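I'll jot down what I look up as I go.

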Amino acid sequence: MAKVLTQWNPEDPKFWEQQGRSIARRNLWISIPALLLAFAVWQLWSVVVVYLPRIGFNYTPNELMWLTALPALSGATLRIFYSFMVPIFGGRRWTAVSTASLLIPTVGLGICIQDPTTSFSTMAILALLCGFGGANFSSSMANIGYFFPKAEKGSATGLNAGLGNLGVSAVQFIVPLVIGIGIFGAIAGGPQTWTHDGATSYLWLQNAGFVWVPFISLVVIFAWFGMNDIASAKASFADQATIFKRKHNWIMCWLYVGTFGSFIGFSAALPLLIKHEFPAVNPLTYAFLGPLLGSIFRVFGGFLSDKIGGARVTQWSFIAMILCVGAVLFFLPHQGQGGNFAGFLISFLLLFAFVGVGNGSTFAQVPNIFIQFHKRLAAGKGEDAQKHAMLNANKESGAVLGFIGAIGAYGGFAIPRINGMSIDQTGSIAMAFYCFIGFYITCVLINWWFYARKNAEAPC
């Protein structure tokens, strides 16, 4: 099997049916588990922080909140650089190397968490290193976009991101299970003890890191030997940097903060939000459900966008998100009194579902926007100019997909911090959620003006 594809033209129906589809799908089905593991590592601390006080880590509530937020901060920042890596190094090589890098924070966490005297600064460094997982998203999405024709890009990127996003639910569901069993025996270290209400329990919290190691190693092997690099996708950083001059790159950054930023931010914040607003409820019993729904509905958002248009789907997603946030506010306790957890949870789950749809639709918009843009530039210049326009559109849209993913990921840092400031200032998360409604309204207006209205600049 050729590792470098020297001829790749997915827009040619004959090429696509004879060989392109099978190659593209193979790369997609290896990319998905790699991305799932990346998201799991990225969100490890959203679960681990809940257990640290139980086994003797004397960190302040603010320090615990920082451990939750730091992976999002580093992951978002690293995404900016990862956005440009695939055209420079190749999708196969970069997927294998970036997935292998996840071994650093997982092994490090498994070792350091066994000693409750480990300094906060050490744990903060490990939290920052978990940002490797978040960064992988940008390179993964840019890579998969190269393999599929325009008519299937929305579905392909929706599958890659949607099933990859399941890593958030996976970590919140799997970690509470594996830390209760010594699954690796003496090789991984002994248990920690937790005494609660006169009863002593045993925890193997190091399993939160170690459990991912064999899966990461296996996926690295599959990526190295089973994926491909595309020769025509090669581009230097200078070639890709032209996206910073494109207005629609920055507009889509704003919209993607509203969709993916909400997904990853609420995923990280939800366990602590439940614990703060409804202290009698065990947050880890329910927290994984939101990211699970968001991931599943992202696939649906990409598929629906291929059928009826991404801008239309994005428009209705933001309107529904505004209504869901209003419902969350309605069911919150007021001054510590009242509140309805069932209503709160259902509203939040619906919010995650519409956020997921919006994640898929905003990503589906990008390739169409840039194909239109470059076709207009090449209009009337002949067949060669049109072919070159498609190459430029694919390169730029790949870089844009990675870059908006980077900017959107800052929501994973911003939302927990905005919630924290709201709680510090008012004792409730309500003020933060009013801010979110205001932001979503701007997204509705921007998307309508540029993409969704009649005679819009770039209907998509």
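Are Phe-278 and Phe-341 buried or exposed? I find Phe-278 buried, and Phe-341 is buried too. My cut-offs for that are under 20% relative accessible area for buried, over 50% for exposed and partly exposed in between, with a 1.4 Å probe and protein chains only.

Ground rules before I go further. This is a predicted model, so I take local features only at pLDDT of at least 70 and side-chain atom pairs only at pLDDT 80 or more, while totals for chains, interfaces and linings use all residues. Residues are numbered from 1 along each chain as its sequence is written, and side-chain values use heavy atoms, with hydrogens and water left out.

**Aromatic pairs**

I counted ring pairs and got 41 aromatic pairs. The rule I used takes rings of Phe, Tyr and Trp (its six-membered ring) with centres within 6.5 Å; planes under 30 degrees apart are stacked, over 60 edge-to-face, and the rest tilted.

I looked at Trp-66 with Phe-413: the ring centres are 5.9 Å apart and the planes stand at 45°, so I log the pair as tilted. Trp-66 sits in helix α3 (residues 61–82) and Phe-413 in helix α18 (residues 411–426), so this pair ties together parts 347 residues apart in sequence. For helices I take DSSP runs of H or I with at least four residues (strands would be E, at least two), numbered from the N terminus. Trp-66 comes out partly exposed at 29% relative accessible area, whereas Phe-413 is buried at 18%.

Back to Phe-278 and Phe-341: their ring centres are 5.3 Å apart with planes at 70°, so this pair is edge-to-face. Phe-278 is in the loop between α13 (247–277) and α14 (289–308), and Phe-341 is in helix α16; the pair links distant parts of the chain, 63 residues apart.

**Charges over rings**

Which residue lies over the face of Trp-66? I found Arg-417 there, 4.7 Å from the ring centre. Arg-298 does likewise over the face of Phe-363, at 4.9 Å from the ring centre. To count, NZ of Lys or CZ of Arg has to be within 6 Å of the ring centre and within 35 degrees of the ring normal.

**Helices α16 and α17**

Next I checked how α16 (residues 341–378) and α17 (residues 383–409) pack: their axes come within 8 Å and cross at roughly 145°. The α16/α17 crossing is right-handed.

Phe-363 turns up again in this contact, on the α16 side, along with residues including Val-366, Pro-367, Phe-370 and Ile-371. On the α17 side I noted, among them, Ala-389, Met-390, Ala-393, Val-400 and Leu-401. Contact here means heavy atoms within 4.5 Å. By class, the α16/α17 contact has 13 nonpolar, four polar and two charged residues.

**Spot checks**

Gly-408 is in helix α17, and at 0% relative accessibility it is buried. I listed what Gly-408 touches, leaving out residues up to four places away in sequence: Tyr-256, Val-257, Phe-260 and Gly-261.

Trp-94 is in helix α5 (residues 91–100) and is buried at 14% relative accessible area. Which residues does Trp-94 touch, not counting those up to four places away in sequence? My list reads Tyr-82, Met-85, Val-86, Phe-89 and Ser-139. Trp-94 and Asn-143 are 49 residues apart along the chain, and their C-alpha atoms are separated by 9.4 Å.

Ile-125, in helix α7 (residues 120–129), is exposed at 52% relative accessible area. Ser-217, in helix α11 (residues 213–226), is partly exposed at 30%.

Last one: Asn-455, in the segment after α19 (430–452). Its phi is near 65°, a positive value in a residue other than glycine. At 67% relative accessibility, I log Asn-455 as exposed.

Conventions. Axes fitted to C-alpha atoms, helices over the stretch in contact; angles between N-to-C directions. Left-handed = near helix turned anticlockwise from the far one by under 90°. Nonpolar A, V, L, I, M, F, W, Y, C, P; charged D, E, K, R; others polar.
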